[in-house]
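The stops below are given in the order in which to select them.

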Amino acid sequence: MEIVQIQHPEKSYDTLEEMKNHVSGLLEKLDLPYRELRLCGGDLSFTAALTFDYEVYSAGQDRWLEVSSVSNFENFQANRLKLRYKDKNGKKHLAHTLNGSALALPRIMAALIENNQTEEGIVVPEVLRPYTRFDIIN
């Protein structure tokens, strides 16, 4: 699931924060151990101005796995798209674009299984029970 936003430059970093909160909220609702990483300049993609990765711990692989990433591309993509807006004086300016992946499903499934194992089976997180209609996978 992709999260895409087109935003006024003055609001793009507030929007990035909202996107980060959305991803963090999903991981918290799933009760998964995660960490948020702000990527340094050398790890950013050519197009991104700022990127945050979200990683969930994988006990089976004994390492952290990226499950989401959110980025502000500022006007880089907008320039190529000629994505502009007019200010109140009619002058054209480039918009800012933001992109993120909500959650990478295969890695989230692995994390749910690994982090919820008990002797009785795999406990389904409370937030998913209305959809699964069961509490445990035996």
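Predicted model: local features only at pLDDT ≥ 70, side-chain atom pairs only at ≥ 80, totals over all residues.

Residues are numbered from 1 along each chain as its sequence is written, and side-chain values use heavy atoms, with hydrogens and water left out.

**Stop 1: salt bridges**

Select K20, E17 and E36, which are linked in a network of salt bridges. A salt bridge here is a side-chain nitrogen of Lys or Arg within 4 Å of a carboxyl oxygen of Asp or Glu. K20 meets E17 at 3.3 Å, N to O. K20 and E17 are three residues apart in helix α1, and are therefore separated by about one helical turn. Helices (H or I, at least four residues) and strands (E, at least two) are DSSP runs, numbered from the N terminus.

The salt bridge between E36 and K20 has its closest N and O atoms 3.5 Å apart. Because E36 lies in strand β2 (residues 34-38) and K20 in helix α1, this pair ties together parts that are 16 residues apart in sequence.

Now colour by accessibility: buried means under 20% relative accessible area, exposed over 50%, and partly exposed in between (1.4 Å probe, protein chains only). K20 is buried, at 7%, whereas E17 is partly exposed at 38% and E36 is partly exposed at 37%.

Move to D135 and R129, whose side chains meet in another salt bridge (3.8 Å, N to O). Both partners are partly exposed: D135 has a relative accessibility of 45% and R129 one of 22%. In total, the structure holds five salt bridges.

**Stop 2: the cavity**

Which residues line the largest cavity? Select V56, Y57, S58, L65, V67, R107, A110, A111 and E114 to show its lining. On a 1 Å grid over the protein atoms alone, a cavity is a set of points where a 1.4 Å probe fits but cannot get out; a pocket is an open set with protein on both sides within 12 Å along at least five of seven lines; lining residues have an atom within 4 Å of a point.

A search of the whole structure finds one cavity of 30 Å³ or more, and the largest cavity holds about 40 Å³ of space. Grid points are joined across faces, edges and corners, and a volume is the space filled by probe spheres set on the points. Strands β3 (50-58) and β4 (63-72) and helix α3 each supply at least two lining residues, with α3 giving the most, four.

By class, this lining has six nonpolar, one polar and two charged residues. Ala, Val, Leu, Ile, Met, Phe, Trp, Tyr, Cys and Pro count as nonpolar, Asp, Glu, Lys and Arg as charged, and the others, Gly among them, as polar.

**Stop 3: two pockets**

Select L26, L30, L103, I108 and L128, which lie nearest the centre of the largest pocket among its 13 lining residues. The elements giving two or more residues to that lining are α1 (12-29) and α3. The space in this pocket is about 330 Å³, and its lining has 12 nonpolar, no polar and one charged residues.

Next, select M109, L112, I113, I122, V123, V124, P125, L128, T132, F134 and I137, the lining of the second largest pocket. Here α3 and β8 (122-123) give two or more residues each. This pocket has a volume of about 160 Å³.

Centre on F134, in the loop between α4 (129-132) and β9 (136-137). F134 is partly exposed, at 39% relative accessibility. The C-alpha atoms of F134 and V124 are separated by 7.4 Å, and the two residues are 10 apart along the chain.

**Stop 4: positive phi**

Most residues other than glycine have a negative phi. Select E74, with a positive phi near 45°, in the loop between β4 and α2 (76-81). Then select K82, where phi is near 55°, in the loop between α2 and β5 (84-86). E74 is partly exposed, at 29%, whereas K82 is exposed, at 60%.
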